[in-house]
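Q: Please pick one part of this structure and take a close look at it. Then show me how the rest is put together.

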Amino acid sequence: MNPKPQVTCILVNWNRWQDTLECLEALSKSTYTNVTTIVVDNGSTDDSVSRIKVAYPAVLLLESGSNLGFAGGNNIGIRKSLENGADFVWLLNNDTKPAPDALAALVGKALSGPKIGAVSSVCYYASTPSVVQVWAGAQLNLWIGYGKNSTEPHPDTWFDSLYGASMLITTDALREVGLLDQGFFHYWEETEFCLRLRKNRWRLAAAPDSHILHKVGKSTGDRYLLDRYFTASGLRLLRRHSPAPVLAMILFVLIRMTRRILRLRFALCRSVWEGVQDYRHSSHIPQIH
């Protein structure tokens with residue numbers, strides 16, 4: 001690998017051109033210079049494309065034509081990165097502001113040992129920059145579909161998955177295990193990818209010196225819809241990776257339903273059920289490209 005590897009940073013935009021422009025401005029201050037940026041517009045219905053092109057004409061902007069979700073949008077950029085011979089791709093949420101040395105810290109960590117497939121940053125709340133939102137990633141319980149993001153330091157071996165708001169991935173790993181699974185429209189995409197990495201003996205790592213401010217939840221705010229996405233994606237993840245898929249999927253749905261009933265949130269019971277139906281209608285499609 002080159003002494004200073006080529007990195008492609010991928011931002012996915014969906015009707016949030018203001019956030020994207022702020023992120024691009026932050027990226028322009030990066031101390032790591034061997035990096036190119038791709039913006040994937042994920043079927044925006046506002047004037048995002050023209051706004052971004054005018055503000056940053058030198059940045060490659062690819063248009064998906066429709067909203068393909070987190071995985072589908074990022075995969076467009078990943079494929080272009082692979083074509084262009086990048087050594088790493090940096091998946092970065094467009095509602096983030098990376099510190100100038102954030103990418104340098106990610107690359108340094110990725111090069112610090114053998115078989116490191118992906119590295120994540122420490123994300124802080126943009127509204128309260130002293131408070132950690134996610135410290136790189138999470139541990140998972142694949143018997144019930146539960147994952148808890150860390151907010152404090154851990155050794156790399158602690159992590160079952162990494163947080164996709166800022167995740168650097170080696171292209172060698174992508175060529176071996178495949179891209180993000182587009183069957184996950186929203187939620188669990190990076191988790192499923194990290195589990196595939198680990199099954200193929202790639203290591204996950206945290207970069208403590210890579211700091212990101214994250215605006216958290218800017219792209220969508222419909223609780224009912226989010227609950228539906230979370231349920232469908234959780235079932236897909238458990239089917240693929242749980243040691244006892246059927247049992248885990250049943251427990252996952254029962255626990256989600258029970259919590260909503262106990263809190264008298266009956267409308268969200270319906271969202272869980274519709275998520276189950278979404279999963280049933282799409283589960284026959286492999287969707288790993």
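**A helix and its cover**

A: The cover over the buried residues of helix α9 includes α7 (223-241) and α8 (245-262). Buried means under 20% relative accessible area, exposed over 50%, and partly exposed in between, with a 1.4 Å probe and protein chains only. Contact means heavy atoms within 4.5 Å. Helices (H or I, at least four residues) and strands (E, at least two) are DSSP runs, numbered from the N terminus.

This is a predicted model: local features need pLDDT of at least 70, side-chain atom pairs count only at pLDDT 80 or more, and totals for chains, interfaces and linings use all residues. Residues are numbered from 1 along each chain as its sequence is written, and side-chain values use heavy atoms, leaving out hydrogens and water.

Back to α9. It covers residues 266-282, which makes 17 residues. From first C-alpha to last, α9 reaches 25 Å, close to the expected 24 Å. That expectation is 1.5 Å times one less than the number of residues. The buried residues of α9 are L268, C269, S271, V272, E274, G275, V276, Q277 and Y279.

Now the strands. β1 (residues 7-13) and β2 run parallel, joined by seven bridges. Strands pair if DSSP finds at least two bridges between them. V7 has V35 as its bridge partner in β2. Strand β2 spans residues 35-41, and five of its seven residues are buried. Four bridges link β2 to strand β3 (residues 60-63), again in the parallel sense. There, V40 stands opposite L62 in β3. From β2 the chain crosses through helix α2 (residues 48-55) to β3, and this β-α-β crossover is right-handed. Right-handed means that, with the strands pointing away from the viewer, the path from the first strand over the helix to the second runs clockwise. β1, helix α1 (residues 17-27) and β2 also make a right-handed β-α-β unit.

Last, the whole. The protein has nine helices and twelve strands. Its C-alpha trace spans about 50 × 45 × 40 Å along the principal axes. A compact globule of 289 residues would have a radius of gyration near 19 Å, and the protein agrees with its 18 Å. The radius is taken over C-alpha atoms, and the globule rule is 2.2 Å times the number of residues to the power 0.38. Buried residues make up 52% of the 289. Among contacts between residues at least 6 apart in sequence, 74% join residues at least 24 apart.
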